[in-house]
Amino acid sequence: LFNVIAGQMSLVGPRPWVVEYWTNMNLEERERAKVLTGITGLAQVKGRNGITIFQKIEYDLKYVRNYSLWQDIKILFMTVATVFAGDGVDAGKEGVRDDIQELKAR
């Protein structure tokens, strides 16, 4: 929240990515950097860890290309529901390591 107050992040937006993601993304995928990163985002409410890195990128790009205050409000409400439901928390993946391997393998 300190980063949001300082204007470095938003409540809603694509999640920040580690450097290894960026070095393996193409120019279209890097379009997600046109908006501030967020604490929650469309990819988090649509699957969290239960979706592939490519699905996360698709959701991030969809968010960036269709940005609106109304969409942010819907995502905030969906975040609350997703957190309480526990959806996508444990998908049996190694997280970042698996995602980076998927990006490198394509």
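User: Is Leu1 buried or exposed?
Analyst: Leu1 counts as exposed, at 69% relative accessibility. Buried means under 20% relative accessible area, exposed over 50%, and partly exposed in between, with a 1.4 Å probe and protein chains only.

User: Where is Leu1 found?
Analyst: Leu1 is in the segment before helix H1 (2-5). Helices are DSSP runs of H or I with at least four residues, strands are runs of E with at least two, and both are numbered from the N terminus.

User: What does Leu1 touch?
Analyst: Leu11 and Ile39, not counting residues up to four places away in sequence. Contact means heavy atoms within 4.5 Å.

User: How far apart are Leu1 and Gly50 in space?
Analyst: 25 Å, C-alpha to C-alpha. In sequence Leu1 and Gly50 are 49 residues apart.

User: What kind of model is this?
Analyst: This is a predicted model, where local features need pLDDT of at least 70, side-chain atom pairs count only at pLDDT 80 or more, and totals for chains, interfaces and linings use all residues. Residues are numbered from 1 along each chain as its sequence is written, and side-chain values use heavy atoms, with hydrogens and water left out.

User: OK, overall fold. How many helices and strands?
Analyst: Six helices and two strands. Along the sequence the pattern reads α-β-α-β-α-α-α-α.

User: Why call the protein as compact as a globular protein of that length?
Analyst: Its radius of gyration is 14 Å, close to the 13 Å that the globule rule gives for 106 residues, so the protein is as compact as a globular protein of that length. The radius is taken over C-alpha atoms, and the rule is 2.2 Å times the number of residues to the power 0.38.

User: What box do the C-alpha atoms fill?
Analyst: Roughly 35 × 30 × 25 Å, taken along the principal axes.

User: And what share of residues is buried?
Analyst: 32% of the 106 residues count as buried.

User: What about contacts between residues 24 or more positions apart?
Analyst: They account for 73% of the contacts with a separation of 6 or more.

User: Surface next. What's the accessible area?
Analyst: About 6,700 Å², and 59% of that belongs to carbon and sulfur atoms. Areas come from the Shrake-Rupley method with a 1.4 Å probe; for residues, only the protein chains shown count as cover.

User: Switching to aromatics. How many pairs turn up?
Analyst: A search of the whole structure finds two aromatic pairs. Trp17 and Tyr21 form an edge-to-face pair, 4.2 Å centre to centre, with 80 degrees between the planes. Rings of Phe, Tyr and Trp (its six-membered ring) pair if their centres lie within 6.5 Å; planes under 30 degrees apart count as stacked, over 60 as edge-to-face and the rest as tilted.

User: Why is the pair of Tyr63 and Tyr67 edge-to-face?
Analyst: The planes of Tyr63 and Tyr67 are at 80 degrees, so the pair is edge-to-face. The ring centres are 5.8 Å apart.

User: Which of those rings are on buried residues?
Analyst: Trp17 counts as buried at 14% relative accessibility. Tyr21 is buried too, at 7%. Tyr63 is buried at 2%.

User: What does Ile53 touch?
Analyst: Trp17, Tyr21, Asp99, Glu102 and Leu103, leaving out residues up to four places away in sequence. Ile53 lies in helix H4 (residues 53-65), and it is buried at 0% relative accessibility.

User: Now Pro16. Where does it sit?
Analyst: In the loop between strand S1 (10-12) and helix H2 (19-22). Pro16 is partly exposed at 45% relative accessibility. Beyond four places in sequence, Pro16 touches Met9, Thr37 and Gly38.

User: And where is Val18?
Analyst: Val18 is in the loop between S1 and H2. Val18 counts as partly exposed, at 33% relative accessibility.

User: What is Val18 in contact with?
Analyst: Val96 and Ile100, leaving aside neighbours within four places in sequence. Val18 and Ile100 are 82 residues apart in sequence and 9.6 Å apart in space, C-alpha to C-alpha.
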